[in-house]
Each structure stands twice: as structure tokens, then as C-alpha cells.
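Hi there,

I'm passing this structure on to you, and I hope you enjoy looking through it. My notes follow just below.

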Amino acid sequence: MQRTVRITALVASALLVLGVGTARAAGNPAAGKEKSQTCAACHGPLGKTSQQPNYPILAGQHESYLYHALKGYKSGTRQNAVMNGMVSQLSDQDLQDLAAWFASQEHLYTVPLDRDAAAE
Ligand code: HEC
């Protein structure tokens, strides 16, 4: 009995570790660059030049943040007429690669660390 419990706990923790592993985005930035040509029309080739105020800047955002945003558009948990359409034909690997590409760009708004302190 005790042994079964111990084995169950072992399997559960192994699954947890695997689950966390697969949930992490692991894209290939070079592949993402190739796939990002359509995105550039609105977000800019490096994700820095927003053509409209409502087109977010993607450069330098965290890879997992970008990946989860894209996943949300694909699954429909995040609704936006433009972006839902953009990702509908893309695979999960495409989303990971695109996230890696834009995450690897230098962020435009690198706020100095003392900015908040100075404002107090
Ligand atoms: C026709 C213009 C257009 C194109 C092309 C486009 N986007 Fe977007 N994108 C938008 C708009 C508008 C939003 C803001 C949507 C919202 O409010 O949720 C957005 C939002 C996003 C976000 C969420 C950013 C955040 O900070 O929450 C990501 C990530 C993103 N786009 C990636 C992409 C990728 C990758 C592609 C190419 C496959 C792409 N976009 C193509 C217009 C576009």
C-alpha cells in the first residue's frame, strides 16, 4: 500500500516536471525570422516599428509572454479579429519560433533601474 503511494507520488512528480518542461517556449529565432514576414507589415521587421498606435511593440518582450499571447489568439482565449486570423494557420512550433525571434530583439524602452526610485 505504502509502496503504491510512493510510486504514485513519483510518477506524479515526474509528470509535473515533464509538464513544466513542455509548457516552456523553446523556439528557434532564426526560423522565427523566416516566418515573420507577414508580421512585419504591422509590427515592423524587428517588432519595433508599430505602424499604428494599437499595434503593440514586440521587440524584447519575454519569449514566454509572446508565446502565450500567440497561443491565446490561436485558441481563442484572447480575442482580436486581426491576430486571431494571423495565427489560425500557424503550428505551435511556428508560434514558439516567432516568439523567440521577437524576444531576441533589443527592447526599445529599456527603463533605467533608478527611474522608479527617482519618481518617488
Ligand atoms: C494587420 C496587422 C497585424 C499583423 C500583420 C500582425 N499583427 Fe500582431 N497584433 C496586431 C494588433 C492590432 C495587435 C493588438 C491586438 C490586441 O489588442 O489583442 C497585435 C498583437 C500581437 C501580439 C500581442 C502583443 C502583446 O504585448 O500582448 C503578438 C505577440 C503579436 N501580435 C504577434 C504577431 C505575429 C507573430 C504576427 C505574424 C504572424 C503578427 N502579430 C501579425 C496587428 C497585427
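First, a term: a nonpolar core is a set of buried Ala, Val, Leu, Ile, Met, Phe, Trp, Tyr and Cys residues joined through C-beta atoms within 7 Å. A residue is buried if 20 or more other C-beta atoms lie within 10 Å of its own, with C-beta atoms placed from the backbone.

Please note that this is a predicted model: local features need pLDDT of at least 70, side-chain atom pairs count only at pLDDT 80 or more, and totals for chains, interfaces and linings use all residues. Residues are numbered from 1 along each chain as its sequence is written.

The largest nonpolar core has 14 residues, and those touching the most other members are L66, L70, L95, L98, A99 and F102. (Helices are DSSP runs of H or I, at least four residues, numbered from the N terminus.)

α6 is mostly covered, with 9 of its 12 residues buried; among them are L95, L98 and W101. Its cover includes α2 (29-35), α3, α4 and α5.

As for the ligand, 17 residues surround it, and C39, C42, A69, N80 and L98 are the closest (a residue counts if its C-beta atom, placed from the backbone, lies within 6 Å). The largest share of this shell, 5 residues, comes from α3.

Best wishes

Terms used:
Helices (H or I, at least four residues) and strands (E, at least two) are DSSP runs, numbered from the N terminus. Two residues are in contact if their C-beta atoms, placed from the backbone, lie within 7 Å.
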